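User: I'm new to this structure and I'd like to learn how to read it. Could you walk me through a few features?

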Amino acid sequence: MLPFSQLDAVRAVFARQILALANASENKRLEQAFASIARERFLGADQWQILTPWNGYTALQENDPALIYQDVVIGLDPERGVNNGSPVLHARWMNAMQPKAGEIVAHIGAGAGYYTSILAQLVGPTGKVLAVECDEKLAARLEINLAAAANIEVIRADGASQPECPVDAVYVNYGVARPAGRWLENLRPAGRLVLPLGVPQMHATLRVRVVRHGIGLMVTRKNTGFAAMSLGEASFLFAHGLLPRPDADIDALRKSLATGQDRRIRSLIWRKNASGSAWFEGQDWALSFDEPA
């Protein structure tokens with residue numbers, strides 16, 4: 001196992017590689033955040049397992065930190081499909097969301113806290129991250145892992161109930177078929193929401209629901225409404241809890257995802273019907289090809 005000084009060098013190379021794969025090499029603040037946070041601190045003491053496309057979860061022979069500084073998904077609770085997800089995906093999304101020093105970010109579905117810590121590095125000591133987790137086991141790990149972080153507040157709550165205060169950004173890490181009202185309505189002007197949008201289906205081998213072939217969606221609050229854009233394909237565990245899932249909306253979203261036209265999304269319409277050309281139209285919200293108006 002590598003000594004700490006060599007691990008620092010491994011993290012630095014890892015950060016450069018991840019940012020390059022995410023097409024975000026110019027974002028030096030994000031590169032430094034990935035280089036400075038020790039991923040192994042958030043993976044637990046049990047034998048680490050990497051999720052592979054050909055053999056499911058594969059146990060590592062030893063918990064060697066040098067093996068996890070690459071774009072791999074690592075099981076936090078493999079029996080439930082709970083993972084420490086793809087660093088490249090998160091680098092792409094954080095680069096799009098652009099957390100700034102001094103901002104308040106709500107991290108919904110914070111898991112064990114690795115990506116929470118990267119967000120906290122980006123907002124700095126004058127900013128704050130609200131780390132929201134409803135799962136009792138994960139929330140307990142989260143509190144231990146983040147106990148020393150002065151700019152992180154851990155909140156044990158259903159993600160759809162948060163944030164309770166205005167924030168600059170909301171970063172959601174579980175799949176949903178619609179945004180929660182508080183995620184949009186508590187965004188400050190120019191605030192950003194990033195979430196995995198898709199329809200639920202049962203996992204092939206686990207008794208859990210997942211989003212497959214969904215998309216990452218970023219919404220930005222404008223004076224004229226909500227701008228929106230697709231961040232490309234995404235796969236996550238699907239939400240459970242307070243967030244409603246109307247069957248008609250899910251059927252319509254499934255058809256919209258099948259069109260492959262998500263790159264044309266330009267706005268989100270909230271609490272009213274779409275008046276122009278819509279990629280998706282639900283009961284009280286829509287994603288439109290038109291600019292926000």
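This is a predicted model: local features need pLDDT of at least 70, side-chain atom pairs count only at pLDDT 80 or more; totals for chains, interfaces and linings use all residues.

User: Which residues of α2 and α4 meet?

Analyst: From α2 you have R29, L30, A33, F34 and S36; from α4, Y114, Y115, I118, Q121, L122 and V123. Sorted by class, that contact has eight nonpolar, two polar and one charged residues.

User: Which residues touch the most other members of the largest nonpolar core?

Analyst: The general idea first: in soluble globular proteins, nonpolar side chains tend to be buried together. In this model the largest nonpolar core has 53 residues, and L30, F34, W93, M94, M97, Y114 and I118 touch the most other members. Helix α4 gives the largest share of this core, seven residues. There's also a second, separate core of 41 residues, with V167, F226, I250 and W285 among them.

User: What is F34 in contact with?

Analyst: Skip its neighbours within four places in sequence, and F34 contacts F14, A15, I18, L19, P87, A91, Y114, Y115 and I118.

User: Is S117 buried or exposed?

Analyst: Look at relative accessibility: under 20% means buried. S117 has 10%, so it counts as buried. This residue is in helix α4, and it touches I37, F42, L146 and I152, not counting residues up to four places away in sequence.

User: How many residues of helix α3 are buried?

Analyst: Nine of the eleven residues in α3 (residues 87–97) are buried, so this helix is largely enclosed by the rest of the structure. The buried ones are P87, V88, L89, H90, A91, W93, M94, N95 and M97. Just after α3, Q98 takes a positive phi of about 55°.

User: Last one: where is P246 found?

Analyst: P246 sits in the loop between β12 (225–237) and α7 (247–258). Leaving out neighbours within four places in sequence, P246 is in contact with R178 and Q283. The C-alpha atoms of P246 and A177 are separated by 8.8 Å, with the two residues 69 apart along the chain.

Key:
Residues are numbered from 1 along each chain as its sequence is written. Side-chain values use heavy atoms; hydrogens and water are left out. Contact means heavy atoms within 4.5 Å. Helices (H or I, at least four residues) and strands (E, at least two) are DSSP runs, numbered from the N terminus. Ala, Val, Leu, Ile, Met, Phe, Trp, Tyr, Cys and Pro count as nonpolar, Asp, Glu, Lys and Arg as charged, and the others, Gly among them, as polar. A nonpolar core is a set of buried Ala, Val, Leu, Ile, Met, Phe, Trp, Tyr and Cys residues joined through side-chain atoms within 4.5 Å. Buried means under 20% relative accessible area, exposed over 50%, partly exposed in between (1.4 Å probe, protein chains only).
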